[in-house]
Amino acid sequence: MLEGNVLYGQSGGPSSAINASALGVILEAMEHKDVIHKIYMMHHGIVGAINDDIIDVTDEDVAELKKLRHTSGAYFGNVRYKLLDWKDSEKDYRKILKTLKKYNIRYFFYNGGNDSMDTCNKISTYLQKVGYECRVMGIPKTIDNDLPITDHTPGYGTSAKFIANSMIDIDLDNASYPQGRVIVVEIMGRHAGWLAASSALANLQGHGPDLIYVPEIPFEMDKFYADVDKVYQKKKRCLVAVSEGIVDKNGSFIFQVGKKVDAFGHLRLGGVCQVLSTNVADALGVNSVALELSFLQRGACRIASKVDIEEGEGVGREAVKRAIEGVSDKMIAITRLSSKPYKIEYTLADLSAVANYENKLPRDMINEEGNNVTEKFIEYAAPLIDGELDDTFTSGLIDVPHLKNYRPL
Ligand code: F6P
């Protein structure tokens, strides 16, 4: 048995299930007091480990901690910070090692998407090089659902549920008028269309998008006008779901915010719905509205998917269990055993196989015309939005945890 303490960090964009994973790590660690003595959180992910900015949650009230299940954001602070390869510079790594030694960290958990698994992988190989015994585990999270190997990622189901239900509300509003509008709804997902595709689940209630555009299919403005026109002639309204990251045939974004990139080289997206809406209004002479779901879709705990949140907590717990058993350098993955009834098991993926790879929406989940999804996608996504949490609200407001050692910014 490797005795010592736990250090856990959140990284990348927030999601509705990341705090459930934090809770999973904390509660599971609390159940192994013979091995794990203290439970620490990095404040703002790896930057917290570099700067010795650590939050101790060992003695937090369990009832208060459990509210993390229905809490949006990244409660312990996230970060988008790219560690250089330690072969090029050991500066950050030496600081991280100092923090690990200071707090006797023997279990290191990093919760995030592709970029975060890269960070996790680098730390793991560095610790092996310097001979510091520590089990390093990745915990998956991203609303984008673009990690390879795992069937899906915690956070996706809740965002998908919010998006699908928002579509129903928007379409019912639009259908109220004798002459409806063309409404272009922009959905996150950067380079992958999983989230935009999830809008199609609303069609199970007869009020979903008529057209869906994803980054996997090159976008053509004239084809878009023709698609909208066809729907509008028939229905006198048209609901469009568009991924923030749609690209033209050369792979350039249809719209991006300036030229500035983040630490991982990602351009800032957001706003393409306005371009499409303005263009289609001009081209077809219709009344058009742009609607960007933006942060509302990744902080959607008020309409959480029970499946998603339980799996979020599940991957956190599993990471701790496996690490105590002796596993290291792996990410917990979700393997689907069946869709009807929905059944999964937790498996292991090599960190290096996950780091920096993006899993796109497969072609057979997109229709032939490239402007909607197929039944295969619906079968895949429907189970992920199922079930509701029942203890989210108090007096009509989200019951946010108040931890003794909570530190925003
Ligand atoms: O990676 C998750 C994600 O929510 C993407 O869908 C989106 O493009 C990006 O994060 C936005 O990140 P930020 O809010 O850090 O600019």
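At what angle do helix H4 and helix H5 pack, and how far apart are their axes? Helix H4 (residues 91-102) and H5 pack at an angle of about 75°, with axes 11 Å apart. Here axes are lines fitted to C-alpha atoms, for helices over the stretch in contact, and angles run from 0 to 180 degrees between N-to-C directions. H4 is therefore roughly perpendicular to H5, a term for angles of 65 to 115 degrees, while those under 35 count as roughly parallel, those over 145 as roughly antiparallel and the rest as oblique.

The model is predicted: local features need pLDDT of at least 70 and side-chain atom pairs count only at pLDDT 80 or more, whereas totals for chains, interfaces and linings use all residues. Residues are numbered from 1 along each chain as its sequence is written, and side-chain values use heavy atoms, with hydrogens and water left out.

## The contact of H4 with H5

Tyr93, Arg94, Ile96, Leu97 and Leu100 of H4 meet Lys122, Ile123, Tyr126, Leu127 and Val130 of H5. Contact means heavy atoms within 4.5 Å. By class, this contact comprises 8 nonpolar, no polar and 2 charged residues. Ala, Val, Leu, Ile, Met, Phe, Trp, Tyr, Cys and Pro count as nonpolar, Asp, Glu, Lys and Arg as charged, and the others, Gly among them, as polar. Helices (H or I, at least four residues) and strands (E, at least two) are DSSP runs, numbered from the N terminus.

## The sheet of 7 strands

An open sheet with mixed pairing is formed by 7 strands in the order E3-E2-E1-E4-E5-E12-E13. Its edge strands, each pairing on one side only, are E3 (54-56) and E13 (342-350). On average, neighbouring strands of this sheet are turned by 30° against each other, direction ignored. Two strands pair if DSSP finds at least two bridges between them.

Helix H5 (residues 114-130) packs on this sheet, touching strands E4 (105-112), E5 (135-140) and E12, and its direction makes about 175° with that of E5. Helix H10 (residues 306-325) also packs on the sheet. H10 touches E2 (36-42), E4, E5, E12 and E13, and its direction makes about 40° with that of E13.

Within H10 lies Ala323, which is buried, with a relative accessible area of 0%. Buried means under 20% relative accessible area, exposed over 50%, and partly exposed in between (1.4 Å probe, protein chains only). Leaving aside neighbours within four places in sequence, Ala323 is in contact with Tyr107, Phe109, Arg135 and Met137. The C-alpha atoms of Ala323 and Lys234 are separated by 58 Å, the two residues being 89 residues apart along the chain.

In E13, Glu345 is the bridge partner of Thr335. The loop between E12 and E13 holds Pro341, and the peptide bond from Lys340 to Pro341 is cis, with omega near 0°.

Val185 has Leu291 in E11 as its bridge partner.

E9 and E10 form a hairpin with 5 residues between them, and Gly265 in the turn has a positive phi of about 80°.

| Strand pair | Sense | Bridges |
|---|---|---|
| E12 (residues 330-339) and E13 | antiparallel | 9 bridges |
| E9 (residues 257-261) and E10 (residues 267-268) | antiparallel | 2 bridges |
| E6 (residues 182-187) and E11 | parallel | 5 bridges |

## Residues in loops

An unreviewed UniProt entry places the feature "binding site" at Gly13. UniProt positions are given in the numbering used here, feature names are shortened, and annotations may be inferred rather than shown by experiment. Gly13 is found in the loop between strand E1 (4-10) and helix H1 (18-30) and is buried, with a relative accessible area of 9%. Apart from neighbours within four places in sequence, Gly13 is in contact with Asn78, Arg80, Lys141 and Arg298.

Ile149, found in the loop between E5 and H6, has a positive phi of about 75° although it is not a glycine. Lys236, which is not a glycine either, has a positive phi of about 65°. Lys236 is in the loop between helix H8 (221-235) and E8, and counts as partly exposed at 33% relative accessibility.
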